[in-house]
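Student: Could we go through a few local features of this model together? I'd like the cut-offs spelled out as we go.

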Amino acid sequence: MVAMSSMELLIPKLRLGECHSKSQLLALSSSCIAKQQHPRALMCKASAAESNATALEQTGGKMVVELVGAFNQLTQKINVLSSSSSRLLFKSLKLSIPILQALPLVPDGRSPLSKALSLALLLAALQMDAEVISAGLLTQVLEAGAISIYQVRDRIGTGTAHLLHESMRLKNIPSKVEVLDDDSAAALRKFCLTFYDIRALILDLALKLDMMRHLDYLPRYQQQMLSLEVLKIYAPLAHAVGTNHLSLELEDLSFRYLFPYSYLYVDTWLRSHQPGNKPLIDIYKEQLLQTLKADPILADMVDDVAVKGRYKSRYSTMKKLLRDGRKPEEVNDVLGLRVILNPRSGIDMSQEGERACYRTREIIQSLWKEMPHRTKDYIARPKANGYKSLHMAVDVSDNGMARPLMEIQIRTTEMDMLATGGTASHSLYKGGLTDPEEAKRLKAIMIAAAELAALRLKD
């Protein structure tokens with residue numbers, strides 16, 4: 001707690017009840033550092049720069065700079081940041097940084113502060129709310145016994161304390177089941193989805209991903225034990241809660257530690273299609289976006305065009321090779337693009353949007369060779385659940401270099417929202433819930449929890 005009092009002295013002007021801009025914080029850090037200099041140094045303008053550099057080396061100066069730097073890093077990752085969220089993040093950083101700096105290195109060799117910031121940045125990139133990011137910053141502080149749940153509640157807030165409590169409850173759950181048993185693993189995932197705060201689950205999944213990214217320090221058998229647990233429980237759970245980015249990376253990292261030679265084989269094959277350092281999917285995404293924006297007919301139909309890309313994971317590719325007995329060159333969905341069109345406002349936006357989808361398909365046909373046998377028109381013939389989209393596959397091979405087919409989906413923003421809205425139930429089903437009605441019920445609970453969190457953090 002001595003470290004906290006020194007921080008209070010270093011930041012005399014900052015009241016945590018106020019919201020400060022980044023420029024104000026930077027200016028404040030400069031004034032705080034200047035106050036640590038000797039009076040004679042302040043009188044000598046010629047030596048001001050040298051004195052500031054010396055002050056930066058002092059413990060207090062470093063602490064202020066790290067505080068402001070960490071706050072800037074986090075807020076740059078968050079698309080929408082309210083004043084209450086800003087205050088919460090700053091309070092958490094102000095409390096955690098001095099304690100983290102005093103803790104010993106974590107087992108993988110990183111500083112506790114570096115690990116906490118990595119976790120917080122990962123959660124910010126997932127666009128989690130300030131309470132989840134705050135809990136991520138304070139996880140190590142709580143585990144070290146430097147602060148209690150009750151102190152977090154009093155100094156930071158009830159929401160952050162609740163998430164930390166839920167995260168602590170989750171820690172010992174995998175030891176209660178046999179991870180090699182599919183039924184037990186599925187039952188555990190169902191239990192977690194039913195009885196735990198969805199945001200605490202995502203915090204725990206982010207912790208698992210951070211662990212998997214720094215697993216090399218452990219003996220091989222421990223790497224494999226942890227990887228198996230992640231592959232059987234946490235990667236499907238990440239898919240179930242809709243964090244597909246986490247799910248794919250957890251799968252690939254687990255695959256790399258469990259079957260290093262198979263991983264190397266698939267990774268080498270996928271990289272063989274990549275010219276230079278830029279991912280192939282990024283090249284095609286940019287090429288398609290520029291071509292669509294340059295088309296005058298499409299420009300009259302839509303206000304905006306977006307193109308999203310995805311590269312099939314190493315683990316998913318290997319599963320297809322093993323399950324279907326395919327050769328690598330027969331895997332057709334390694335590359336994937338999705339075009340999302342925002343039709344112009346008018347009398348019949350739905351009809352105009354459908355016309356824009358078909359125009360987009362014509363443009364793509366002029367750009368690459370279409371594979372007619374893989375074309376599916378779910379706009380003219382929607383699926384039973386109302387799903388609408390155009391699906392097509394194109395051959396992107398050039399200059400004699402054969403490449404896997406690239407799959408493309410074309411839809412309007414309305415179609416995409418409907419498709420994404422239905423994804424939650426599908427994800428829960430794949431995450432271990434075999435009853436579709438139960439999946440829908442949990443989806444409703446997840447949405448309600450998210451809305452409640454948003455209301456609590458609203459100004």
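Tutor: The expected span of a helix is 1.5 Å times one less than its number of residues, and helices here are DSSP runs of H or I with at least four residues, numbered from the N terminus. This is a predicted model, in which local features need pLDDT of at least 70, side-chain atom pairs count only at pLDDT 80 or more, and totals for chains, interfaces and linings use all residues. Residues are numbered from 1 along each chain as its sequence is written, and side-chain values use heavy atoms, leaving out hydrogens and water.

Student: What should α12 span, then?

Tutor: Helix α12 covers residues 198-213, and its 16 residues should span 22 Å at 1.5 Å a residue, which agrees with the 23 Å between its end C-alpha atoms.

Student: How many of its residues are buried?

Tutor: In α12, 14 of the 16 residues are buried, where buried means under 20% relative accessible area, exposed over 50% and partly exposed in between, with a 1.4 Å probe and protein chains only.

Student: Switching topic, at what angle do α14 and α18 pack?

Tutor: Helix α14 (residues 244-258) and helix α18 (residues 314-324) pack at about 65 degrees with their axes 7 Å apart, the axes being lines fitted to C-alpha atoms over the stretch in contact, and angles running from 0 to 180 degrees between N-to-C directions.

Student: Which residues meet there?

Tutor: E251, D252 and F255 in α14 meet R314, Y315, S316 and M318 in α18, contact meaning heavy atoms within 4.5 Å.

Student: And where is Q127?

Tutor: Q127 lies in the loop between α7 (112-125) and α8 (130-143), and its phi is near 60 degrees, a positive value in a residue other than glycine.

Technical notes:
Helices (H or I, at least four residues) and strands (E, at least two) are DSSP runs, numbered from the N terminus.
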